[in-house]
Amino acid sequence: MKKFLIILLSIIALPLSAETTDSIAAITDMEPEETGIEKPKKNFIKRVIDLGEKVFDYVNDVDTLYIRPQEYNWAVMVQATTNLESYKFQSPTGESISFSPEARTKIGPYAGWRWAFLGYTFDVKKLHITERVDIDFSLYSPIFNIDLIWRESGKSYKIRDASVETTYGTKKFHDISFPGIDTYIRGLNFYYVLNHRRFSYPAAFAQSSCQLRSAGSPIVGISYMHHKLNYDNEQLISTLNSELAHRFPDANCKVNLDSTFNFNKIEHAALTLSGGYAHNQVLAKHLIFASSLTAGIGFKRSIGDKYERGFSYEDFKLKNINFDGCGRFAFVYNNMKWYAGTSAILHYYSYNKGAFHTANWFATINLYAGFNFGKRKK
């Protein structure tokens, strides 16, 4: 057949030289590799698509005795989110001050296609735009999950608890407005699930699959965080002295803060290696309780007025090691068509500089309900 087509083309085409005709006849008797002509290769886009399909199949390969994959393409839900945060300063003499902003609750609708979800929420207390920024984005796949954190507090903190020395001994303070502090946190966390074929993070935190049997998995991760805290020490002393003057109007009572509180800014970057364990407990049909705890060793680098990018060998020393942690908890009902539940994600970070210690934690609590639609083709 191949020879026939070549002969036919030679007849209907322009006249060819005898030499060319002999060459065509010789080629017809040879195998493709003997001609020196390589077989056609897939173009770059096709190779990328093929690789993406292989990776997608690997990521979504689960044991269906333990995990029921998502059967729908689309989802809608309503979610209420509450953000909590706190910073604590502590001196070597035992004085401590805790700052935290007002709890902020937002509510709104979400719509999603498979892994991607988009939505809009508004503050239930204040419908206008505020200076606070709370962005907590998480992508949960069967084999890994990613957290993107971007928080800017604005000047909305209060002194929640304080125990400081004064001229009349140790005094305690509670719930005093203090606009002299503002913070921001930016970070990226990556976690890898070792037993992803039987344990499902998405079943607990993304409602994109169902855990059929109880299972757990070790998890390992790496993260990068950038913390910055601006703090007005003089305003803090003035605020505490005003409170003392209100309590003891007939006495000249003043605060005597430890010298370690005398700073204006803390800024550091942290590279953290973490590990832990996660477990989904099936309590009843369609109902699970999920828990996950990880602990990390963070290598922190202080950032001064001149910002130097990247980590150097000097940063990986024992004096720069701090311990961080993350906890995730969820209670979920999901029959694949309808779902509802609540989840809480808590991050904890510590920072030591000489004898001075700070600790920061923030939490995101979600309450949601929704349904899936648009059955996938099998």
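## The hairpin of strands 2 and 3

In this predicted model, the hairpin of strand 2 and strand 3 has five residues between the strands, and G94 there takes a positive phi near 100 degrees. Strands here are DSSP runs of E with at least two residues, and helices are runs of H or I with at least four, each numbered from the N terminus. Strand 2 and strand 3 pair in the antiparallel sense over four bridges; two strands count as paired if DSSP finds at least two bridges between them. K88 has S98 of strand 3 as its bridge partner.

Residues are numbered from 1 along each chain as its sequence is written. Local features need pLDDT of at least 70 and side-chain atom pairs count only at pLDDT 80 or more, while totals for chains, interfaces and linings use all residues; side-chain values use heavy atoms, with hydrogens and water left out.

## Further partners of strand 2

Strand 2 (residues 72-90) runs antiparallel to strand 18 (residues 356-375), and 18 bridges join them. The bridge partner of F89 in strand 18 is T358. Strand 2 also pairs with strand 4 (residues 104-113), over ten bridges in the antiparallel sense. Within that pairing, A80 stands opposite I107 of strand 4.

## Strands 13, 14 and 15

Strand 14 (residues 265-284) pairs with strand 13 over 16 bridges in the antiparallel sense, and I222 stands opposite L273 in strand 14. Another 16 bridges join strand 14 to strand 15 (residues 287-302), again antiparallel. H279 stands opposite S291 in strand 15. The hairpin that strand 14 and strand 15 form has two residues between them, and H286 in the turn has a positive phi of about 75 degrees.

## Helix 5

Helix 5 (residues 233-247) has 15 residues and reaches 21 Å from its first C-alpha to its last, close to the 21 Å expected; the expected span is 1.5 Å times one less than the number of residues. At the start of helix 5, a side-chain oxygen of D232 reaches to within 3.2 Å of the backbone nitrogen of E234.

The buried residues in helix 5 are N233, L236, T239, L240, N241 and L244. Buried means under 20% relative accessible area, exposed over 50%, and partly exposed in between, with a 1.4 Å probe and protein chains only. An α-helix has 3.6 residues a turn, so residues three or four places apart point the same way. The cover over the buried residues of helix 5 includes strand 3 (96-101), strand 9 (157-166), strand 10 (169-177) and strand 13 (215-231).

## Aromatic pairs and charges over rings

The structure holds twelve aromatic pairs. Rings of Phe, Tyr and Trp (its six-membered ring) pair if their centres lie within 6.5 Å; planes under 30 degrees apart count as stacked, over 60 as edge-to-face and the rest as tilted. The pair of Y140 and F205 is stacked, because the ring centres are 5.5 Å apart and the planes lie at 20 degrees. This pair links distant parts of the chain, with Y140 in strand 7 (residues 133-140) and F205 in helix 4 (residues 201-205), 65 residues apart. Both Y140 and F205 are buried. F371 and F373 form a tilted pair, 6.0 Å centre to centre with 40 degrees between the planes. F371 is partly exposed at a relative accessible area of 29%, and F373 is partly exposed at 34%.

One aromatic cluster is formed by F89, F99, F178 and Y231. The charged end of R186 sits over the ring of Y184, 4.4 Å from its centre, and R213 lies over the face of Y66 at 5.7 Å from the ring centre. A charge sits over a ring if NZ of Lys or CZ of Arg is within 6 Å of the ring centre and within 35 degrees of the ring normal.

Terms used:
Contact means heavy atoms within 4.5 Å. A polar contact is a pair of N or O atoms within 3.5 Å; within protein, one must be able to donate a hydrogen and the other to accept it, and residues adjacent in sequence count only if both atoms are side-chain atoms.
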